[in-house]
Amino acid sequence: MQTVTQLSDLRRETDALQASGTLALVPTMGALHEGHLTLVREARRAADHVAVSIFVNPRQFGANEDLDAYPRQLARDAALLEAEGVSLLWAPPPGEVYPEGYATNVSVLGVSEGLCGANRPGHFDGVATVVCKLFNQVRPDMAFFGEKDWQQLAVIRRMARDLDLTRPHVDAIHGVAIVREDDGLAMSSRNAYLSVENRAIAATLPREMRLAIERIGAGDATGSVLQTFRDRLLDAGFDSVDYAEIRDARDLAPASEPGPGDRFFVAARIGGTRLIDNMPVA
C-alpha cells in the first residue's frame with residue numbers, strides 16, 4: 001500500500017493504478033472501525049484497486065463541535081487498511097486540501113435541509129465541498145459510503161449528479177448497509193467518546209427505534225409513536241433528542257403517511273456525544 005500526502009504524488013499513483021484497472025474510493029476521517037472496513041471490502045469486490053482517504057475535514061465541524069478532540073490514529077488506521085488489501089492511502093494535511101486563499105464552497109439544496117442540516121448549520125456544505133475535492137483529487141471510477149449517514153449519502157449523490165462528477169447513467173456512488181455492534185448500536189468513531197454507563201444506555205436507541213417502527217406498522221398514530229419514542233429515550237438517560245422523523249428515503253421529504261420507501265431518522269445526544277441512526281419503516 002502506498003501512503004501519499006501530497007497532491008502531486010497522488011496524481012502519479014492514481015494514474016498508475018487506473019492504467020491497470022478500475023479504482024474505487026472510500027472517503028473517511030480515520031479512527032477506523034468495522035464499518036469502515038466493510039466499505040473497503042465492498043469496494044474491493046467491485047473494483048480492481050481501492051484508495052482510502054483519511055482527512056479530518058475542518059469545514060464540516062461547527063464552532064462548538066469536536067474537531068480538536070476527534071480521534072486521529074493514522075498509523076493504526078494504515079495498518080488496518082494494508083491488511084485489507086488497500087492499494088493507496090491518501091492522507092493529506094489540511095493545507096493540501098484547503099491551500100492559503102481557498103475561497104470555494106459547494107452547497108447542495110433540498111436534501112441538505114432539515115434533519116442534521118437543521119441542527120448542524122453549514123455541515124453539509126463542508127461535506128459536499130470536501131467530497132467534491134476528493135473526487136477531483138483521486139478521480140475514482142466509483143466511491144463507497146456508509147448508509148448510517150443517509151442524509152450525507154443523499155447530498156453526495158445529488159452533488160455528483162448535478163456537477164457531472166460521474167459518468168452519465170452509471171451508479172458510481174454506492175451506499176453500504178449500516179454495520180452494528182452486537183447490541184444493535186450503529187458503529188461510529190464517536191462511540192469511543194461514550195463512558196461505560198452511557199455506552200450501555202446508547203444501546204436503547206436502536207431497540208426503541210425498532211419498537212417504534214413495529215407500532216407504526218401495527219397502525220398506531222405516527223405522531224403519538226414518535227412522542228413516546230422521544231420520551232422513552234429521555235427516560236433511559238439520553239440528554240436530548242435532536243430529531244425523530246419519518247422521511248422518504250429518496251429525497252428526504254417528510255412522509256405524511258409512513259410506508260414502503262420511507263425511513264425513520266433519529267439523532268440523540270448522551271454525555272456530550274451525538275448519535276445518529278436510521279432504519280427502513282417497512
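Visitor: In this predicted model, in which helix is Asn 198 found?
Guide: Asn 198 belongs to a helix that covers residues 196-202. The name of this helix is H8.

Visitor: Is Asn 198 buried or exposed?
Guide: The relative accessible area of Asn 198 is 17%. Buried means under 20% relative accessible area. Asn 198 is therefore classed as buried.

Visitor: Which residues does Asn 198 touch, not counting residues up to four places away in sequence?
Guide: A contact requires heavy atoms within 4.5 Å. With residues up to four places away in sequence not counted, Asn 198 touches Ile 270 and Gly 271.

Visitor: Where is Gly 271 found, and is Gly 271 buried or exposed?
Guide: Gly 271 is found in the loop between strand E8 (262-270) and strand E9 (273-280). Its relative accessibility is 53%, and exposed means over 50%. Gly 271 therefore counts as exposed.

Visitor: Which residues are in contact with Gly 175, leaving aside its neighbours within four places in sequence?
Guide: Gly 175 is found in strand E6, residues 173-176. At 27% relative accessibility, this residue counts as partly exposed. Leaving aside neighbours within four places in sequence, Gly 175 is in contact with Phe 145, Glu 147, Leu 153 and Arg 157.

Visitor: How many Å apart in space are Gly 175 and Leu 153, C-alpha to C-alpha?
Guide: In sequence, Gly 175 and Leu 153 are 22 residues apart. In space, the C-alpha to C-alpha value is 7.1 Å.

Visitor: Which residue does UniProt give for the feature "active site", and is that residue buried or exposed?
Guide: The unreviewed UniProt entry places "active site" at His 36. This residue is found in helix H2, residues 34-46, and among its contacts is Ser 189. The relative accessible area of His 36 is 14%, so His 36 is buried.

Visitor: Which residue does UniProt list for "binding site", and is that residue buried or exposed?
Guide: The unreviewed UniProt entry lists Gln 60, whose place is in the loop between strand E3 (49-54) and helix H3 (74-83). Gln 60 touches several residues, including Arg 120 and His 123. With a relative accessibility of 11%, Gln 60 counts as buried.

Visitor: Are helices H9 and H10 roughly parallel or roughly antiparallel to each other?
Guide: The axes of H9 (residues 204-217) and H10 (residues 222-236) come within 10 Å and cross at roughly 160°. Angles over 145 degrees count as roughly antiparallel. H9 and H10 are therefore roughly antiparallel.

Visitor: How do the residues of the contact of H9 with H10 divide into nonpolar, polar and charged?
Guide: The residues that meet include Leu 205 and Arg 215 in H9, and Thr 228 and Phe 229 in H10. The residues of this contact divide into nine nonpolar, four polar and three charged.

Conventions:
Residues numbered from 1 in each chain as written. Predicted model: local features only at pLDDT ≥ 70, side-chain atom pairs only at ≥ 80, totals over all residues. Heavy atoms only, no water. Axes fitted to C-alpha atoms, helices over the stretch in contact; angles between N-to-C directions. Helix = DSSP H or I, 4+ residues; strand = E, 2+ residues; numbered from the N terminus. Parallel < 35°, antiparallel > 145°, perpendicular 65-115°, else oblique. Nonpolar A, V, L, I, M, F, W, Y, C, P; charged D, E, K, R; others polar. UniProt positions renumbered as here; feature names shortened; annotations may be inferred. Buried < 20%, exposed > 50% of the residue type's maximum accessible area, 1.4 Å probe, protein only.
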